[in-house]
Amino acid sequence: MSLQYAVLMHTEHQPSEVPGSVQVEAGSAVLASMRDHLPMSPLACGSGGSPSGKCGDSQAIFLLLLKEKWVLSRMQQPVAGDRSAAVPSLYPSQARLAADLYSTHRVIEDPEWSLTTVPHLTELCLQHIVHNFEKNPIVDRLLPEHQRKVLDRLSTGLPLAVTANLISDEDYWKRCCTERWRVCDISNYGDSWKRMFFERHLENILKCFIPNTTDPNQVLELIPFCKDYVQKLEVDQFLPPLQVDQKEERDDLSDTESDFGFSKVSMHHYDLGVLITALPHLEELHLTYGVKDCGMNFEWNLFNFTHQDCCNLAVAVKMCHNLKVFKLTRSKVDDDKTRLLVHNLLDHPCLVELNLSHNLIGDKGAQAVGKLINRSRLETLNLCNNRISHLGAQALAQALAENSTLTSLNLRLNHVEDKGGEAVGHALLTNSTLKSIHLGSNSLSEPTAALFSQVLAQNATLTSINFSCNHLGLDGGKQLLEGLAGNKSLIEFDLRLAEVGEETEYLIHQIVWSNQEAARLESPQHPPVKPL
């Protein structure tokens, strides 16, 4: 009889009413006997399966220990009606043993295992919408709370073809702006993050556009997405065409150049005509034709505003009927280009501000601008740092005397001298709309100061005059002080480096400060102003 069968028979024929301690002892004795007579596995014990070996069948040992644990636990279970415990069958059922083995095996593999909570179906759907938004953008059909979750998770790198006309959420466009640019001041963009993104995105493309190299479709393909949001463009750089092979071309085509009379590579810049006319809400255009941060690669031809550039721009501006502010600065605009621009700006329906400062405009250009003053709705004109002499100033003064819309005129850093200054002064004796005049650094002296003394006594519209960096002299300062004695409208009067004398300058500033206080009291929303 085998050992297992003997043990089984021994267990099955045990009396059912034996004290629990006796049953435990009997069970322990049987298990000890099983351990002593357990056959060794030849594969586990070495050659011949000698019992003297210290290894055995690992699987059999594991099952035996598991059975022992199970038997001992069952021996501790009480029997109804008695304190003794019944000795169960030594071998449990196969199903129960498999269950215990599975449980023990799970704990051994991952002692920290726990059942995680499955996400809600709504959350899974929102995740799917976010991951597949480019192919299936359905944010407008979601509930408001679900829209918020989707928009907060959308990538800022999605194509503009998907997001431009679909997403109006300002928080999303704020993320697009702050992730791309360090400085983001939306006060310059009507407090709109979306407008800021499209304007700056378009500006960056124009600044990096290289004629004959960059694909024009980069700009044209963007128009349908940004046309409803762009109101202002500030482009302070226009790159010229590349000239990598210019020297080689000159060597190869020297004969052709001499025959046809040209020896320079075309330096025309990107034509804004198609773009500007396609932006129906464009109101401000600020341009500078030049290259920034050129470093050691500096060449004068990098800053050429060609005649063809001027023609293209003039036609484009004429077609932009909603344009209110046009600034073309630091672009070497001379008299011919000024006349060409003015010709296309005459009778413009909306233009109220023109800035042509820091250019090369002379008297002929100033005469053309004088015609524009009375054939437009201009309110602000800036011709600072040009080459206008007394002839150009006289032309501007003649137009100013007849004008009824211009409120600000800046002629700083020109060469109008006393003839031009006196002409402007005579115009202001009759003009009743101009509020600010800047004549700093124009080689003015006492004759101009004497005439402006009359202007201060008669003109009740002027609120700001700048005579800084001139040579008005002590007598000129005294005459200005006399004319200002009864003036109640002037609240800004800059006489720095005008050589009028410290005492005179102090007394003038006291009068101006009194006028500022009176104006502040009439307009309580203005903050108090301290005297100079």
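So, Cys 310: at 0% relative accessibility it counts as buried. Quick note on that word: buried means under 20% relative accessible area, exposed means over 50%, and partly exposed is in between, with a 1.4 Å probe and protein chains only.

Before I go on, this is a predicted model, where local features need pLDDT of at least 70, side-chain atom pairs count only at pLDDT 80 or more, and totals for chains, interfaces and linings use all residues. Residues are numbered from 1 along each chain as its sequence is written, and side-chain values use heavy atoms, with hydrogens and water left out.

Back to the cysteines. How many disulfides does a search of the whole structure find? The search comes back with 0, where a disulfide is a pair of cysteine sulfur atoms within 2.5 Å. Cys 184 itself is partly exposed, at 22% relative accessibility.

Let's zoom in on one pair. Strand 7 (residues 436-438) and strand 8 (residues 464-466) run parallel and are joined by 3 bridges. Look at Ser 436 and you'll find Ser 464 of strand 8 standing opposite.

Next up, salt bridges. The structure has 14 of them, counting a side-chain nitrogen of Lys or Arg within 4 Å of a carboxyl oxygen of Asp or Glu. Take Lys 292 and Asp 236, whose closest N and O atoms are 3.0 Å apart. This pair links distant parts of the chain, 56 residues apart: Lys 292 is in the loop between strand 2 (284-287) and helix 16 (307-319), while Asp 236 is in the loop between strand 1 and helix 13 (246-252). Are these two buried or partly exposed? Lys 292 is partly exposed at 42%, and Asp 236 is partly exposed at 25%.

Then there's Lys 337 with Asp 334, at 3.5 Å from N to O. Lys 337 counts as buried at 12%, whereas Asp 334 is partly exposed at 24%.

Arg 496 and Asp 494 also meet in a salt bridge, 2.7 Å from N to O. Here Arg 496 is exposed, at 54%, and Asp 494 is buried, at 15%. Elsewhere, salt bridges that share partners join Arg 148, Asp 152, Asp 169 and Asp 171 into one network.

Last stop: Thr 163, in helix 8 (residues 160-163). What does Thr 163 touch, leaving aside neighbours within four places in sequence? Thr 163 is in contact (heavy atoms within 4.5 Å) with Leu 158, Tyr 172 and Trp 173. And Thr 163 is buried, with a relative accessible area of 1%.

Notes: Pairing = 2+ DSSP bridges. Helix = DSSP H or I, 4+ residues; strand = E, 2+ residues; numbered from the N terminus.
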